[in-house]
Amino acid sequence: MASSSRLALSLRRIRCSPGTLQRTSRIRPAAQVRWTGSTAATSEPHQPDENGGVKGGPAPTKAIKFTSDSYPELKRDSKFAQITKEHVNFFREVLSLQSAVIDGVSSDAVDDIEPFNSDWMRKYRGHSKLVLKPGSTEEVSKILKYCNDNMLAVVPQGGNTGLVGGSVPVFDEIVINLQRMNNIRSFDEVSGIFVADAGVILGVADNFLAEKNHIFPLDLGAKGSCQIGGNVATNAGGLRLLRYGSLHGNVLGIEAVLPDGTVVDDLSKLRKNNTGYDIKQLFIGGEGTIGIITGISILCPQRSPAINVAYFGLESYEKCQEAFREAKNQLSEILSAFELMDGRSQKLVNKATGKKMPLGGEYPFYCLIETSGSNTDHDSEKLQNFLEHVMETSVVSDGVLAQDQTQIQELWACREGIPECLGHWGGVYKYDLSLPISSMYDLVNDVRDRLTEAGLVGNDESYSVVDVVGYGHMGDANLHLNVPTRRYDKEVEKQLEPFVYEWVNRKNGSISAEHGLGIAKKPFIGYSRSETMIKLMKQIKDMYDPVSFVYP
């Protein structure tokens with residue numbers, strides 16, 4: 001049986017980087033540091049290059065295949081009008097700022113429009129010839145009313161960092177980009193209620209709140225580009241969900257514009273308002289399909305002054321579950337993240353980067369735990385008790401604690417670096433899934449067995465698949481199933497789909513835990529939603545947007 005000195009020995013031995021880890025002769029908590037928001041777990045993959053890999057720079061937008069060619073079953077609805085110069089002139093009158101209209105109808109503006117036509121993943125590309133950048137809710141209202149009256153299709157766009165193609169056009173829809181709507185309207189330091197335009201960058205909002213000793217209840221790898229309106233529209237998850245919950249609970253009110261131009265003025269600052277239907281919930285996770293969010297009111301918690309990060313090696317997935325259960329039991333209110341990584345993913349990170357991993361030995365599974373609280377002594381005592389327990393009961397085989405902010409970043413890099421490193425060999429098939437925790441990793445094993453039996457997994461160039469790995473937010477039961485490949489192969493795709501979706505369906509899981517549906521997963525919604533639920537969603541869509549001119 002492991003003893004408390006076992007962890008002390010591991011702390012003496014392990015180095016995150018040469019010379020950074022202090023030697024110690026006893027179990028000790030991590031150094032108490034101020035959280036700067038500079039690190040976070042993320043499910044963002046690396047931007048692919050022109051060949052579909054990640055070894056070169058991002059593929060130029062003109063090299064991306066048009067979505068209409070990739071998905072020939074998608075047809076432009078003839079009821080929608082073609083954009084004319086007269087339409088453009090109207091928009092110029094509404095948006096007096098010249099740079100607020102990128103006009104490819106009256107002149108050649110292909111190069112200027114391309115970044116708005118293609119998605120961040122370089123997978124989807126539309127044919128839009130017009131980009132509008134409104135600066136106010138009133139301008140959004142005028143634009144949508146005119147488009148509705150003239151049967152012009154539109155697609156809302158925020159920071160365009162989505163992963164399922166939902167923020168870019170398929171055909172010639174007008175792109176309504178909210179980047180100019182970037183004002184922070186108010187912040188109440190007593191209640192912690194933050195009100196801002198939808199186009200405010202997530203990182204900007206979090207930095208603003210940091211100066212007020214508060215934190216935005218959402219953290220993503222794309223926070224330097226993504227916009228808070230888009231975050232709400234996609235109900236983004238991310239690192240802080242375990243601690244602060246989803247945006248369905250944190251968003252207090254929204255301001256939005258319906259397809260006919262009606263302004264939904266529900267920018268409430270109240271935590272309690274039990275007067276009828278909570279309409280704002282339809283817009284949270286609605287992906288902009290029933291209206292465009294232009295402002296949000298959100299409850300932001302106090303920023304924690306004491307942060308601890310630990311990285312553990314475990315012998316089985318069952319041990320991971322035991323560790324999570326004990327973490328919830330013993331760390332309780334200070335537990336802010338519990339991330340799962342299998343040993344295979346960590347090996348691939350090591351192969352791709354050449355960096356030494358935190359633990360000396362190799363283990364089938366690894367977990368990263370973060371705690372954040374307000375009382376250093378209280379947190380240290382709770383963490384000390386937790387560490388002693390999981391070591392003495394052999395739940396955890398080995399572990400290391402960060403001693404300063406640098407080490408916190410280095411330990412998080414073991415988790416954050418996975419998506420990028422997996423693309424080192426060529427491409428990656430990625431699935432973002434919600435599953436019961438007890439069977440979450442079974443899918444990874446089943447997919448690996450399936451591809452191996454098909455003769456697709458191997459160690460040399462003759463095999464398409466490098467490996468099958470799993471990692472993700474165990475605290476949220478969110479698995480990222482990734483299949484790194486040397487090349488994209490139709491045979492691999494045939495083995496993966498619909499097998500993965502059918503497997504998830506049998507477990508009553510979700511085929512999209514964080515990323516939404518967009519173009520990529522819209523055809524597969526039936527694996528996660530019943531016919532009744534799909535019918536109800538269509539009825540809501542038809543009620544707010546009867547002509548379906550807000551894509552999709």
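**A buried leucine, a helix pair and aromatic contacts**

In this predicted model, L348 counts as buried because its relative accessibility is 4%, under the 20% limit. L348 belongs to helix α12, which spans residues 343-353. Leaving aside residues up to four places away in sequence, L348 touches C421, L422, W425, V466, D467, V469 and P484.

Turning to helix packing, the axes of helix α3 (residues 85-94) and helix α5 (residues 137-149) come within 10 Å and cross at roughly 160°. Helix α3 is therefore roughly antiparallel to α5, and the crossing of the two is right-handed. On the α3 side, the contact is made by E86, H87, F90, F91 and V94, while α5 contributes E139, K142, I143, Y146 and C147. Sorted by class, this contact of α3 with α5 has 6 nonpolar, 1 polar and 3 charged residues.

Since F312 lies in strand β10 (residues 306-314) and F386 in helix α13 (residues 376-392), the pair ties together parts that are 74 residues apart in sequence. F312 counts as buried, with 1% relative accessibility, and F386 likewise counts as buried at 1%. Elsewhere, ring pairs link F187, F194, F208 and F216 into a cluster.

Technical notes:
Residues numbered from 1 in each chain as written. Predicted model: local features only at pLDDT ≥ 70, side-chain atom pairs only at ≥ 80, totals over all residues. Heavy atoms only, no water. Helix = DSSP H or I, 4+ residues; strand = E, 2+ residues; numbered from the N terminus. Buried < 20%, exposed > 50% of the residue type's maximum accessible area, 1.4 Å probe, protein only. Contact = heavy atoms within 4.5 Å. Axes fitted to C-alpha atoms, helices over the stretch in contact; angles between N-to-C directions. Parallel < 35°, antiparallel > 145°, perpendicular 65-115°, else oblique. Left-handed = near helix turned anticlockwise from the far one by under 90°. Nonpolar A, V, L, I, M, F, W, Y, C, P; charged D, E, K, R; others polar. Phe/Tyr/Trp six-rings, centres within 6.5 Å; stacked < 30°, edge-to-face > 60°.
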